[in-house]
Amino acid sequence: MLTNATAARYRDLVGSTVDRLADRVAGVTTPTTSTSAAELRDRVAGIDLDGVPLGTDRALAELDELFVREAVWFHHPGSLAHLNCPVALPAVAAEAVLAAVNPSVDTWDQSRIGTEIERHVVDWLARRIGFAAGDGIFTSGGSQSNLQALLIARERRGTGTVFTTAETHFSIAKSARLLGLDAVVTVPTDPAGRMLPSALATAIAETRAAGRTPMAVVATAGTTDRGVIDPLEPVADVCDLEDVWLHVDAAYGCGLLVSPTRRHLLDGIERADSVTTDLHKSFFQPVSSSALLVRDPADLRRIAWHADYLNPEDAAEPNQVDKSLQTTRRFDALKLWATLRATGADAIGRAFDAVIDLAEATHAIVADHQDLHLVAPTQLSTVLFRWQPAGMSDAEADALVAPLRAALLAEGRVLVAKTVIDGRPCNKLTLLNPETTAEQMRASLDHVARTAATTAAAAAAETAATAGAAR
């Protein structure tokens with residue numbers, strides 16, 4: 001245990017662990033290893049957790065070999081698959097503080113000044129959105145933020161229908177099911193995947209005509225696949241006219257709040273009733289770090305629950321469990337506080353601008369590549385593409401999307417994702433490393449194309465062999 005008596009041991013133990021980890025980070029040459037999934041599974045299964053204890057030093061050395069050596073490194077330029085970012089160093093240092101002090105910011109008496117720091121960070125985020133007197137709470141991630149937003153909307157508007165698009169994050173539909181809401185209506189989008197305000201107005205009118213109650217609209221500021229932003233101003237106009245709650249899921253696009261050049265892409269977000277921000281995406285914070293912000297602080301109080309032993313209703317202290325779905329809760333706000341104090345908000349915004357600039361450069365690289373096809377544009381940092389040389393049919397290209405991803409993952413040099421756009425599978429890059437260069441992206445895409453060609457040739461040979469055996 002970390003106590004007064006073990007403080008020196010703590011210093012030595014954490015110091016040696018950080019030294020080992022820093023050596024690993026400095027020596028990273030690929031985003032992950034080529035160790036097979038079966039071997040990784042066997043290594044873990046072969047460890048007897050009821051066996052003879054190793055002692056702390058040996059256990060941490062084993063952890064380094066077992067986990068760290070096989071980790072996925074999001075700071076490597078070949079890590080292109082998901083919305084995972086390299087993390088700001090001040091936030092990493094703050095994470096070490098959190099682990100040692102181990103505060104819980106559910107009640108004031110458990111965190112004291114920690115509560116005040118989180119409230120100050122929440123106020124700062126609310127002002128960045130444009131909520132002059134807003135409020136909020138840190139959460140475990142965008143899914144929990146979205147769940148809490150819909151819960152508040154239900155308490156404010158009553159149980160009813162939620163309006164989304166096909167591009168809306170799946171956590172909204174899951175939250176609607178958890179909350180027992182009437183229905184989720186999918187609103188049509190424009191060719192870029194953005195919600196059509198006119199179609200939203202029609203969907204709300206049809207819902208009323210069917211005898212159901214429109215409850216909430218979820219607009220997305222940065223869709224997961226396409227990286228586009230719903231037209232927030234016109235959507236807000238519809239919500240105001242129809243008296244429907246507007247939630248903006250800005251889990252991905254929240255970095256625009258501090259962008260020196262692209263903040264205008266979020267114009268209208270200040271008209272939302274609630275906003276999700278995932279700071280462990282475009283604010284470059286370690287997982288977990290998310291916050292739900294509301295324009296009217298009274299809305300958070302609608303879901304308050306009081307316990308005499310913890311947060312009695314007549315408590316004089318600001319107990320944040322009054323606003324949270326969680327009781328015990330990490331002091332994640334400290335990481336953003338450290339980052340803002342160390343580098344300032346503009347540095348975070350410039351970093352997010354850099355990955356959007358990189359995506360624009362990557363789009364040009366894909367468009368110029370003889371064997372790659374750009375599937376859709378973006379407003380943020382995703383790239384949707386297919387390997388489809390001249391003469392290859394859509395069906396043949398479709399069949400290679402999943403095997404290409406699997407081949408790249410098995411090799412470990414360049415990691416990509418896969419998704420489906422307009423009914424057709426494609427591969428996806430999500431760029432969140434501001435230090436990655438266009439030249440590195442060109443090299444990665446060339447490697448992807450070579451791997452695709454090899455994968456296609458192997459599939460063709462296997463098909464031919466199977467056909468020959470059948471004869």
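A polar contact is a pair of N or O atoms within 3.5 Å; within protein, one atom must be able to donate a hydrogen and the other to accept it, and residues adjacent in sequence count only if both atoms are side-chain atoms. The model is predicted, with local features needing pLDDT of at least 70 and side-chain atom pairs counting only at pLDDT 80 or more, while totals for chains, interfaces and linings use all residues. Residues are numbered from 1 along each chain as its sequence is written, and side-chain values use heavy atoms, with hydrogens and water left out.

View A. The side chain of His 280 reaches the backbone nitrogen of Ser 289 at 2.8 Å. His 280 counts as buried because its relative accessibility is 10%, where buried means under 20% relative accessible area, exposed over 50% and partly exposed in between (1.4 Å probe, protein chains only). Beyond its neighbours within four places in sequence, His 280 is in contact (heavy atoms within 4.5 Å) with residues including Cys 85, Ser 140, Gly 141 and Ser 290.

**View B. The open sheet of seven strands, with mixed pairing.** The strand order is E1-E7-E6-E5-E4-E2-E3, with helices (H or I, at least four residues) and strands (E, at least two) taken as DSSP runs numbered from the N terminus. Strands E1 (135-139) and E3 (183-186) are the edges, each pairing on one side only; two strands pair if DSSP finds at least two bridges between them. E1 runs antiparallel to E7 (residues 290-294), to which five bridges join it, and Phe 138 stands opposite Ala 291 in E7.

**View C. Helix H6 (residues 113-129).** The 17 residues of H6 reach 25 Å from the first C-alpha to the last, close to the expected 24 Å, a span defined as 1.5 Å times one less than the number of residues. Among the buried residues of H6 are Ile 117, Val 121, Trp 124 and Leu 125. Gly 130, whose phi is positive, near 115°, follows the helix.

**View D. The largest nonpolar core, of 62 residues.** A nonpolar core is a set of buried Ala, Val, Leu, Ile, Met, Phe, Trp, Tyr and Cys residues joined through side-chain atoms within 4.5 Å. Leu 125, Val 217 and Leu 246 are among the residues with the most contacts inside this core, to which H6 gives the most, with seven residues. Apart from it lies another core, of 24 residues, including Ala 359 and Leu 408.
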